[in-house]
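This briefing goes through a model of two protein chains, topic by topic. Please keep the sequence and the coordinates at hand while reading.

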Amino acid sequence: MPRTLTRPEQQPGQPPQRPTSLRSATPHRPNVLSMMVRGARGRPWTFSIGCAMLALILLILLLTPWIAPHDPATQDLTNRLAGPSPEHWLGTDHLGRDVLSRLMWGGRFSVTIAAITLVICGVTGIVIGALAARRGGWLDELVMRTVDVLICFPDVVIALFLIAVFGTGYGTLIAALTITGWTPFARLMRGLALEINAKDYVEAAEILGSPKSYIVFRHVIPNAIRPVLAMGFLRFGHKLITVGALSYLGLGVQPPDSDWGAMLLDAQPYMERAPFLGILPGFAIFVTALSVTMIGQGLDVRKIRRKRALAPEPPPGVQTQLEVGEAV
Amino acid sequence: MVSFLIRRAATLVVTLLVVSVLAFLIPYAGKGDTARKILRARVNDPALDPAQVEALTKELGLDRPLYQQYLDWLSHAVRGDFGFSYTSRTPVHDLVIPALGVSISLALAALLLALVFALPLGTWAATARGGKVDNAITFVSQSSVSAPEYWIGPVLVLIFARYLGWFPSGGWDGPIYIVLPAVALSLRPLGYFTQVTRAAMSDVLGAPYFTAARSRGLSYRHSLARHGLRNSMLPVMTLFSFWFAGLLGGSVVVEVIFNIPGMGRLLYTSVLNNDVPVIQGAMMWILTLAVLINTATDLLYGVLNPSIRVASHA
């Protein structure tokens, strides 16, 4: 595995030739899209694999209405729990429904719910974290104490609490995952924002008289986007697993809708007769979560490596900045 | 240090008060009044006798102002008295305490199992950084982080309980019953512990004191054990206590799969049965312990690492 840095100005073992003061006076605006497209340069091999896996999964889920071989709800009670056949590639479930089609349609629910909660959590956390760092004082104190507390609440317990009060439903599901889910983003964003706030270009903007909110949205958030994006990918896997867990408990996605977690629940009584029925949906969750974890950790590596390259004694290799997971 | 302690204590008290208000309000948030809900949970009859409802409302003091009811409830709650379960009519206390014991042993077993594998794996990966071993260990840790318990659990049952018959498929009757659930529960912490150990060890290996220890003539192994383990233990212990707090109520799925009478399953069944006092009691215990454990960890961290006390705590 060649691990050389591909940036031409960076010689291994030497600090890069870069006028740091000028650099820090110029806002660095990474383009997220081009960042993704520029791809795997200098990132671990798992990053490219993760991207390929995720792209394939998303493509399949996107095209499901056209490429799914059967209707996911059509029952065929004469052909229950059948093994793989040319007609049903992955067999049929306890009601004779086509497993492949159900996996594809179910995945749309799992991935969409996880993505929606993730976006809500991400945006909330970013804005709150950045504002807390910018304003400081009592607001900062309040936000960080709230984060300290919420971050240690297990999210399944919070979900059970909300379900006890409001009953099941998509609103409850998304709310349950959002209440604690924004906190890691806020904590990360606040830390990054404190660093960025000390930069010359922020000071320049302040001297020019830019309002605080303008500075936050124009300078602070865009410059923190890479680590936040990395955490977003890491959290996506976690969300996916939690959504599946609630569905598996019968409290998430409700019939007639069905996601991967609900499919696992349906398969439980038939684990011995049709083991694949209880393995495939879990495998789908696993593969999707693995792909985003690989991408997230791969994205994180570049940042660390660059920081290391600027340090006086750059030790070789990478280090993973990790957001702690929560128990399910 | 004193202001740090005061701030922590204040946060703790405010949190617990907020949580207690929320827990208290559970029965009032939904539709219908409490007395009807209790009766409905006891008798399976949609048409309730109005006189019975009236009598129960009086008996439970539900006609008093809300804040009075709350203070009354709170004064009992701080003494660990959450009333009686609607369904089984046993004191909530008698349900929660044994369940808590079960969950603590399960969580400890799972996390210790994870730690036993994660420390050597993480250290190995850090010493072989960038190599094949490192890549393999990173891949394994990423995989184990992505593997849902409700997928691994049933597969473990299928293989080790049904096909091989080595372990019981569920229940809680002795040490052997803890094995499969602990393994299923340990996978995700294992991945996180490995990654954190690797990151912390990498820092240690690049640190001047490690070079100094080596140059004093200490063997690589000895330096690693003396300086490496000790310095990388702090982040690992933080993560450990974080997971421990989370698993006390958060291992719902594993407890349901393996039919273990722990906190998670208690909370789950009480939600299904709409058994409000048990939900309240379980919630309060789980969240209080989570906050207490994490506060204790922060304090311990401050004691073990003096630089935290001086630095502004994020």
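This is a predicted model: local features need pLDDT of at least 70, side-chain atom pairs count only at pLDDT 80 or more; totals for chains, interfaces and linings use all residues.

**Helix α8 of chain A**

- Helix α8(A) covers residues 183–197, and its 15 residues reach 20 Å from the first C-alpha to the last, which is close to the 21 Å expected at 1.5 Å a residue.

**Packing of α4(A) on α8(A)**

- The axes of α4(A) and α8(A) lie 7 Å apart and form an angle of about 40°; because angles under 35 degrees count as roughly parallel and those from 65 to 115 as roughly perpendicular, α4(A) is oblique to α8(A).
- The crossing of α4(A) and α8(A) is right-handed.
- On the α4(A) side, the contact includes Cys121(A), Gly122(A), Gly125(A), Ile126(A), Gly129(A), Ala133(A) and Arg134(A), and these residues belong to a set that meets residues of α8(A) including Phe185(A), Ala186(A), Arg187(A), Met189(A), Arg190(A), Leu194(A) and Asn197(A).
- Sorted by class, the contact of α4(A) with α8(A) has 13 nonpolar, 5 polar and 3 charged residues.

- Chain A has 13 helices and 0 strands, while the secondary structure of chain B comes to 14 helices and 0 strands.
- Buried residues account for 44% of the 328 residues in chain A and for 40% of the 314 residues in chain B.
- If contacts between residues at least 6 apart in sequence are considered, 70% of those in chain A join residues at least 24 apart, and for chain B the corresponding value is 70%.
- The C-alpha atoms of chain B fill a box of roughly 85 × 60 × 30 Å, taken along the principal axes.

**The side of chain B that touches chain A**

- In chain B, 53 residues are in contact with 51 residues of chain A.
- At least two residues of this side of chain B are supplied by each of α1 (2–29), α6 (132–146), α7 (149–163), α8 (179–206), α10 (220–250), α11 (252–257), α12 (263–273) and α13 (276–304) of chain B, and the largest share, 8 residues, comes from α10(B).
- By class, the side of chain B that touches chain A has 32 nonpolar, 17 polar and 4 charged residues.

**Packing of α5(B) on α10(B)**

- Helix α5(B), residues 92–127, and α10(B) have axes that come within 10 Å and cross at roughly 150°; because angles over 145 degrees count as roughly antiparallel, α5(B) is roughly antiparallel to α10(B).
- The crossing in which α5(B) passes α10(B) is right-handed.
- The contact is made by residues including Ser103(B), Ile104(B), Ala107(B), Leu111(B) and Thr123(B) of α5(B), together with residues including Gly228(B), Phe240(B), Trp243(B), Phe244(B) and Leu248(B) of α10(B).
- The residues of the contact of α5(B) with α10(B) divide into 11 nonpolar, 3 polar and no charged.

Definitions and conventions:
Residues are numbered from 1 along each chain as its sequence is written. Chains are lettered from A and ligands numbered from 1 in the order in which they are written. Helices (H or I, at least four residues) and strands (E, at least two) are DSSP runs, numbered from the N terminus. A residue is buried if 20 or more other C-beta atoms lie within 10 Å of its own, exposed if 12 or fewer, and partly exposed in between; C-beta atoms are placed from the backbone. Two residues are in contact if their C-beta atoms, placed from the backbone, lie within 7 Å. Ala, Val, Leu, Ile, Met, Phe, Trp, Tyr, Cys and Pro count as nonpolar, Asp, Glu, Lys and Arg as charged, and the others, Gly among them, as polar. Axes are lines fitted to C-alpha atoms, for helices over the stretch in contact, and angles run from 0 to 180 degrees between N-to-C directions. A crossing is left-handed if the near helix is turned anticlockwise from the far one by less than a right angle, and right-handed if clockwise. The expected span of a helix is 1.5 Å times one less than its number of residues.
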